[in-house]
Amino acid sequence: MPRQPLAETILPPSPAPDSRSVAIGITVFRPDAAQVAALRARVAAETRRTIVFDNGGLPADAAADLTARGALVLSAGRNIGIGGALDAIAQAAIAAGAGQVLLLDQDAAFAPEQVSALEAALAHLGQASPPPAIVGPRPEAAPDRKAPAYPRRPGIPEDGALVPVEFLATSGSLVDLAAYARIGPFRSDFFIDGVDLEWCFRAWARGYGCWMETGTALPHRVGAGVIRSKLLGIEMPRQPPFRMAAYLRNSVYAWRLPHVPRRWRLRQAAYLPLQALLYWADAGFRPGVLAQLAGAVWDGLRGRLGPPRGLP
């Protein structure tokens, strides 16, 4: 059975949403055999509605098998980036009548009891002020990886194991779809990096909160190893050049957005040059890498977004 085109997913009228109903949304991109097998097992065991967005590379037989197991498999026929994929999943979840969607990437190992823990956290925060837009797990580092850091949101008190954070990764996070409808879509023009960060800053600016549930953990597998500098006191994921370029471009562009706090812009202005220098050193000080990074910064200043240069 072919993948369902994106347009067919978002056009039908939506049933009345059930605020207690959770859909599972999984983005995939060039999954290997082990990841496909894990995805099949997850869909077979999952009792919740599962939506899979193929950003490229999911074998046709795997897509057909996932569909036969009850998943909704979507594709735009090309790589539209993480922001576009997340929006397609959210729109499909809304169309299915879900009130919440748990977002996962193809590497995420998230148990049903962890989903239930985030559901309980979102319900607990339902009467909070500001109301929650998203609740996610505590990040942990997978072997030879660097876990993301979520800065604490100032001025908002903790609530037991729940900590207000400036932003958190979308993978492993439970999104309230009523809040999503008011905050707006993820930025598809960011394509791959900073999508979650920008959306969470926008959520705070529009009167919603982003929370980390510290009793639930999720290992992160970003990049291929870690670049470290004791001299600079920096650790960062080792990414291909197009990913690092997208990160720099989107970070620089985000400085112009009014909902990005000044404290974050100042932190980034000091931190980004050090990261770029460390990345260039790790790449052997190759002139071509420096040119790509400089071009990414220039793209960010000009507002040239979309698929990053050098995207495979």
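A nonpolar patch here groups Val, Leu, Ile, Met, Phe, Trp or Tyr side chains within 5 Å, each residue having over 30% relative accessible area and no salt bridge. Keep in mind that this is a predicted model.

**Stop 1: the nonpolar patch.** Select Leu231, Leu232, Leu274, Leu277 and Phe285. Together they make a nonpolar surface patch of about 490 Å². Now pick out Phe285. Phe285 sits in the loop between α9 (262-282) and α10 (287-302). Its relative accessibility is 46%, so Phe285 counts as partly exposed.

Stop 2: Next, select Glu166 and Arg263. They form a salt bridge, with the closest N and O atoms 2.7 Å apart. This pair links distant parts of the chain, 97 residues apart: Glu166 is in the loop between β7 (162-164) and β8 (173-176), and Arg263 is in helix α9. Glu166 counts as buried, at 4% relative accessibility. Arg263 is partly exposed, at 41%.

**Stop 3: Asp189 and Arg187.** Select both. Their closest N and O atoms are 2.7 Å apart, in another salt bridge. Asp189 is partly exposed, with a relative accessible area of 27%. Arg187 is buried, at 18%.

**Stop 4: a network.** Select Arg42, Glu46, Arg48 and Glu119. Salt bridges link these residues in a network. Zoom in on Arg42 and Glu46: their closest N and O atoms are 3.6 Å apart. Is Arg42 buried or exposed? Arg42 is buried, with 18% relative accessible area. Glu46 is buried too, at 14%.

**Last view.** Zoom out to the whole structure. A search finds 17 salt bridges in it.

Key. Residues are numbered from 1 along each chain as its sequence is written. This is a predicted model: local features need pLDDT of at least 70, side-chain atom pairs count only at pLDDT 80 or more; totals for chains, interfaces and linings use all residues. Side-chain values use heavy atoms; hydrogens and water are left out. Patches are made of residues with over 30% relative accessible area and no salt bridge: like charges are joined within 9 Å, nonpolar side chains (Val, Leu, Ile, Met, Phe, Trp, Tyr) within 5 Å. Accessible areas come from the Shrake-Rupley method with a 1.4 Å probe; for residues, only the protein chains shown count as cover. A salt bridge is a side-chain nitrogen of Lys or Arg within 4 Å of a carboxyl oxygen of Asp or Glu. Helices (H or I, at least four residues) and strands (E, at least two) are DSSP runs, numbered from the N terminus. Buried means under 20% relative accessible area, exposed over 50%, partly exposed in between (1.4 Å probe, protein chains only).
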